[in-house]
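Dear colleague,

Please find below the structure that I am handing over to you. I would be grateful if you could read the notes after it with the model open.

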Amino acid sequence: MNFMQPSIWVNTTNPCDSTYFDIINCQNDGGTLTVTKITLNVNPVHTVETDFTIFKNLTSFYTYKVNPIRDVLDSIMSWKNLKILYIGNQYNTINPNIVFPEAIFIQNLTTLNIINYGVGYTLPNTLPLNSKLETFWAPVTYYSGFPANIGALSNLNHLILFIANIRVGSDYKDFNFPSLESLQSLTNVKEIDIDFEDYDSNNNNNQLWSFPKSIENITSLEIYYQSGNGFTSDSIPNFSKLKRGFQISINDYCDFLNSNCTSKPCILLPENSKLETYGCSLNLNNIDYSKLSSFIYQFGGLPQQLPNFTTNGLLQVFDVTESSITGTIPQVYCDIPLDGLRLGGNDLVGDVPSCFTCVGQDSASSLLDNNFSNFDSDTQASSCPSFSISSNYNHIAKTDGSSKITITGTDFGWKYFIMPLLILYHSEPQLNITIPNKEITLSIPMGTGINKQYIASFGYEFRNEVVFNYSYEAPFLRGYSFINNTVDNVLEFVINGDGFNFISGNNITFNGNVYNGTIATESSNGGGGSGIIGFSSENEANPISSLSIGDQFTLSINVDGQQSNTITFEYFTLLSLNRPTQILNSEGSINSEVILSGFFGTNDTSKVKVEINGNDCSISSVSISTIVLSSYPKMNTAGNFQITVNVGGYLLSSTILYIDNSTPKPTPTPTPTTTTTTTTTTTTTTTTTTTTTTTTTTTTTSNDGDGSNPSLSFKLSISLSLNILFISLILFI
């Protein structure tokens with residue numbers, strides 16, 4: 001075999017010898033050596049005469065400044081296992097009229113990189129369907145063309161284009177920018193890099209195009225990188241439809257951001273985006289920082305002052321290193337993480353805000369070099385008289401672990417410290433500085449009880465100790481319901497409310513007697529509080545089993561010494577709420593009744609309460625199968641909201657749709673449910689028939705309002721025939 005070792009021709013029968021490891025990579029499979037990678041790199045350019053088809057198991061082929069291009073293209077069909085093909089620095093070596101064959105795009109390649117070009121370099125006009133290629137890097141010229149259907153690369157992840165757009169030489173001809181519209185239908189395109197050719201300092205020799213709007217609509221795109229001068233824009237770039245966390249990086253020239261921008265914002269971005277520019281000239285006052293997690297503007301060429309904006313805790317990096325920035329530092333820069341703030345290499349003057357002098361040299365790397373009057377490389381931390389953390393915050397936490405207590409302060413710094421002993425306990429709160437020097441969030445874990453404390457230290461060398469006080473909410477009962485126990489295939493009676501114990505059992509007082517309750521679990525009934533508890537199997541008997549429909553019973557619970565409200569409920573078992581079909585107006589009632597259908601077990605309005613999203617509705621009438629609302633609350637937005645019906649303490653819930661500023665649709669005629677068929681005579685035969693009907697209703701009743709459930713039995717010793725007889729008697733009252 002003939003190949004080159006840097007500038008030296010070698011003839012060998014053992015290319016896997018370690019002497020040639022920088023050219024040949026081999027795989028040892030049980031003593032059999034197989035060439036899997038070839039790297040041809042010499043200077044100056046050489047021509048290689050080798051039959052590359054012999055390398056049947058080649059997986060990677062790299063070539064730099066050599067002239068094997070025709071041989072490579074002819075050999076490609078022999079390389080069935082080739083994954084990476086890298087052709088670089090071919091300015092003067094590609095023979096005229098060499099076209100990259102479609103064969104390259106139907107192989108198993110995952111990476112195809114073509115670096116630089118010659119006049120004869122050409123790409124196919126169209127591509128075959130390909131689900132293998134993930135990275136495609138190619139120069140684009142007038143002569144190369146570009147595939148019209150780049151979207152045929154269905155698994156494309158990373159597209160890199162080098163655009164040769166300097167109008168120099170007699171061979172240059174203007175050309176159309178490649179169409180990328182077919183990429184909009186792909187789901188795996190994560191990154192697009194567009195590198196324009198090095199441009200003349202006067203920008204007179206570059207061919208320019210309008211920024212392609214198709215890039216803004218590639219919804220899978222996560223990173224866009226652009227270098228050099230090639231785009232203008234007739235509108236503000238709009239990437240707002242892309243994924244949260246989108247990153248855009250512009251190097252050397254930002255005309256497409258500036259050409260039509262005279263006010264904020266100069267670019268529309270999704271939430272949590274990163275905007276990076278290098279060597280550009282942007283008006284920093286025209287950037288919307290509310291959507292940014294990172295803003296980098298290095299080596300900017302436009303003299304200006306720092307923008308003054310409002311932070312929301314999202315911006316983690318603000319870097320304007322060496323960008324001709326003048327003036328003073330606004331207070332808002334205390335709200336940016338210190339390790340992400342870089343203002344050095346500018347002409348800032350005046351006094352720095354007190355948050356920086358409070359920590360002295362800890363902030364030097366963020367601020368210097370500049371020309372401040374009260375801060376330099378020798379400044380020591382002050383006593384920080386402006387330090388404060390407010391004690392005026394919500395001190396009551398929910399027992400289910402969902403509470404986040406927000407606490408405000410001033411100049412408390414960017415870091416905190418807690419005693420190592422405390423963080424060993426999983427039940428300790430979690431502290432987070434959401435906005436430095438301004439806002440802290442304390443996440444409270446599951447728990448119970450009152451007068452809890454959490455201690456943390458802040459400021460320079462953590463000199464300031466702060467005690468945070470909180471208590472867990474007292475238990476509060478809201479009602480009861482039945483849930484599906486899929487293990488035992490039964491309906492279980494549960495109590496709905498807040499402030500229950502989610503760590504250990506709850507004590508339930510039922511009609512004056514104390515029973516063991518279960519550990520609380522999360523409630524799926526939006527109007528029934530945060531948790532549910534039932535009677536523990538440790539009790540000798542379930543007290544609910546002694547109740548008949550219509551019986552009243554009194555409940556309360558005690559959680560870690562805190563007593564709940566005591567409330568009397570009325571017992572029902574077969575109630576249901578059909579999913580409402582009527583559409584409501586977000587402005588509230590507009591001379592239109594709302595009719596809810598289901599089986600409500602009573603016609604006594606005083607026993608029924610209806611809420612939407614926690615707000616009371618007015619009830620005009622109640623029957624066994626309908627509830628008529630005379631008014632309902634307004635909502636700030638359209639959407640589906642929780643509706644809860646409370647019948648004597650029995651909670652039923654579903655969702656109801658609100659729309660914006662439209663007249664509600666006409667009230668539909670309610671479809672009677674099977675539960676209303678219990679109005680029959682009370683003979684023995686009829687009672688048997690009614691029992692059968694009611695049992696059928698039980699199998700189709702659901703507390704989530706969808707009207708369907710698998711076959712279930714009650715986990716209660718109740719005579720269904722007696723209960724239905726009682727309901728039948730109610731209907732005749």
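The notes below describe the findings, from the whole chain to individual residues.

This is a predicted model, in which local features need pLDDT of at least 70 and side-chain atom pairs count only at pLDDT 80 or more, while totals for chains, interfaces and linings use all residues. Residues are numbered from 1 along each chain as its sequence is written, and side-chain values use heavy atoms, with hydrogens and water left out.

**Overall composition**

The protein has six helices and 49 strands (DSSP runs numbered from the N terminus: helices are H or I of at least four residues, strands are E of at least two). Of its 733 residues, 50% count as buried (under 20% relative accessible area, with exposed over 50% and partly exposed in between; 1.4 Å probe, protein chains only). Among contacts with a separation of 6 or more, 54% are between residues 24 or more positions apart (contact means heavy atoms within 4.5 Å).

**Strands 6, 7 and 8**

Strand 7 (residues 111–114) pairs in the parallel sense with strand 6 (residues 84–88) over four bridges, and also in the parallel sense with strand 8 (residues 135–140) over three bridges (two strands pair if DSSP finds at least two bridges between them). Asn 113 of strand 7 stands opposite Tyr 86, and Leu 112 has Phe 136 of strand 8 as its bridge partner. In a regular strand the side chains alternate between the two faces of the sheet. In strand 7, Thr 111 and Asn 113 point one way, Leu 112 and Ile 114 point the other way, and all are buried.

Four strands form an open sheet in the order 40-42-46-45, with antiparallel pairing. Strand 40 (576–577) and strand 45 are the edge strands, each pairing on one side only. Four bridges join strand 42 (residues 594–599) to strand 46 (residues 626–631), and Ile 595 has Val 628 as its bridge partner. Strand 45 (residues 618–622) is likewise joined to strand 46 by four bridges, with Ile 619 partnered by Leu 629. Strands 45 and 46 form a hairpin with three residues between them.

**Aromatic pairs**

There are 48 aromatic pairs (rings of Phe, Tyr and Trp, the last by its six-membered ring, with centres within 6.5 Å; planes under 30 degrees apart count as stacked, over 60 as edge-to-face and the rest as tilted). One of them is the stacked pair of Phe 196 and Trp 209, at 6.3 Å centre to centre and 20 degrees between the planes. This pair links strand 10 (residues 191–196) to strand 11 (residues 209–210), its members being 13 residues apart. Phe 196 is buried at 3% relative accessibility, and Trp 209 is buried at 9%. The rings of Phe 458 and Phe 468 have centres 6.4 Å apart and planes at 80 degrees, so this pair is edge-to-face. Phe 458 lies in strand 29 (residues 452–458) and Phe 468 in strand 30 (residues 464–472). Phe 458 is buried at 0% relative accessibility, as is Phe 468 at 0%.

**Gln 562**

Gln 562 is found in strand 38 (residues 562–563) and counts as buried at 15% relative accessibility. A polar atom of its side chain lies 3.1 Å from the backbone oxygen of Tyr 472. Beyond its neighbours within four places in sequence, the contacts of Gln 562 include Gly 449, Ile 450, Glu 473 and Ile 557.

Notes. A polar contact is a pair of N or O atoms within 3.5 Å; within protein, one must be able to donate a hydrogen and the other to accept it, and residues adjacent in sequence count only if both atoms are side-chain atoms.
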